Amino acid sequence: MKDKQLSVSAIKEGTVIDHIPAPALFKVVSILNLEELDTMITIGNSLGSKKLGKKGIIKLSNIFFKDNEINKIALVAPSAKLNIIREYEVVEKRVVEIPDEIHDIVKCVNPKCITNNEQVSTRFEVVSKSDVKLKCHYCEKITDQDNIEII
Ligand code: CTP
Ligand code: ZN
């Protein structure tokens with residue numbers, strides 16, 4: 001292991017999600033349903049970062065995500081970097097990429113949408129990724145970056 005000071009302890013095996021913008025940290029926790037895990041998780045909030053000013057970090061021991069599970073966090077934390085840790089070493093670094101479709105996790109901006117009035121899960125087509133725009137499968141209204149509300 002590299003000899004340097006870590007503000008949150010190093011982990012032996014698992015996934016470190018680093019460079020999360022501080023305001024998105026708890027949204028990431030919710031999108032990944034981390035409250036349902038009973039493995040060791042360390043969360044650091046408002047840590048100093050040269051790139052982001054303040055960043056959040058999540059360290060998950062013995063958890064390795066599939067791309068489709070982790071990519072959802074790009075909606076709120078496009079700058080997040082995944083580090084795969086084996087025997088204390090970073091063996092792989094990955095960026096997150098917004099998927100082509102989003103199911104369940106975002107609320108439709110249209111109050112009249114069926115998903116806001118009946119027991120129907122939300123479903124969106126991602127029509128723009130750089131400046132996020134989500135088109136509702138049911139009412140076709142666009143939910144954009146500023147209106148994204150995580151359910
Ligand atoms: N890390 C960890 N446990 C380890 C190894 C690394 O928790 N056994 C964490 C580090 O604390 C860091 C992240 O994984 O937050 C990435 O580690 P590393 O690549 O060594 O750090 P940096 O070079 O600073 O990464 P970057 O360039 O992505 O900022
Ligand atoms: Zn809708």
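Mentor: Let's begin at the ligand: a polar side-chain atom of Asp 18 lies 3.0 Å from an oxygen atom of ligand 1. Keep in mind that this is a predicted model.

Trainee: Which backbone atoms lie by a nitrogen atom of ligand 1?

Mentor: A polar backbone atom of Ile 11 is 2.8 Å from a nitrogen atom of the ligand. For Tyr 88, a polar backbone atom is 2.7 Å from a nitrogen atom of ligand 1. As for cover, ligand 1 taken alone exposes 600 Å², and the protein buries 77% of that.

Trainee: How many residues surround ligand 1, and which are the closest?

Mentor: There are 15 residues around ligand 1, and the closest are Ile 11, His 19, Lys 59, Tyr 88 and Lys 93. By type, the shell divides into eight nonpolar, two polar and five charged residues.

Trainee: Which strands supply at least two residues of that shell?

Mentor: Look at β1 (14–21), β3 (53–61), β4 (81–86) and β5 (89–95), each of which supplies at least two. The most comes from β1, with three residues.

Trainee: Let's move on to cysteines. How many disulfides does the count come to?

Mentor: Start with the general idea: a disulfide is a covalent bond between the sulfur atoms of two cysteines. To count one here, the two sulfur atoms must be within 2.5 Å. By this rule the model has zero disulfides.

Trainee: Are Cys 108 and Cys 113 buried or exposed?

Mentor: Buried means under 20% relative accessible area. Cys 108 has 3% relative accessibility, so Cys 108 counts as buried. Cys 113 is buried too, because its relative accessible area is 1%.

Trainee: Where is Thr 115 placed, and what is Thr 115 in contact with?

Mentor: You will find Thr 115 in the loop between β6 (101–103) and β7 (123–128). Its relative accessibility is 11%, so Thr 115 counts as buried. Leaving aside neighbours within four places in sequence, Thr 115 is in contact with Cys 108, Val 120, Ser 121, Thr 122 and Tyr 138.

Trainee: And Lys 54: in which strand does Lys 54 lie, and why does Lys 54 count as partly exposed?

Mentor: Lys 54 lies in strand β3. Partly exposed is the range between buried, under 20%, and exposed, over 50%. Lys 54 has 49% relative accessibility, so Lys 54 counts as partly exposed.

Trainee: How far apart are Lys 54 and Ala 22 in sequence and in space?

Mentor: They are 32 residues apart in sequence and 5.7 Å apart in space, C-alpha to C-alpha. Ala 22 is also one of the contacts of Lys 54 beyond four places in sequence, along with Ile 20, Pro 21, Ser 46 and Leu 47.

How values were computed. Residues are numbered from 1 along each chain as its sequence is written. Chains are lettered from A and ligands numbered from 1 in the order in which they are written. This is a predicted model: local features need pLDDT of at least 70, side-chain atom pairs count only at pLDDT 80 or more; totals for chains, interfaces and linings use all residues. Side-chain values use heavy atoms; hydrogens and water are left out. Buried means under 20% relative accessible area, exposed over 50%, partly exposed in between (1.4 Å probe, protein chains only). A residue is near a molecule or strand if one of its heavy atoms lies within 4 Å of it. A polar contact is a pair of N or O atoms within 3.5 Å; within protein, one must be able to donate a hydrogen and the other to accept it, and residues adjacent in sequence count only if both atoms are side-chain atoms. Accessible areas come from the Shrake-Rupley method with a 1.4 Å probe; for residues, only the protein chains shown count as cover. Helices (H or I, at least four residues) and strands (E, at least two) are DSSP runs, numbered from the N terminus. Ala, Val, Leu, Ile, Met, Phe, Trp, Tyr, Cys and Pro count as nonpolar, Asp, Glu, Lys and Arg as charged, and the others, Gly among them, as polar. Contact means heavy atoms within 4.5 Å.
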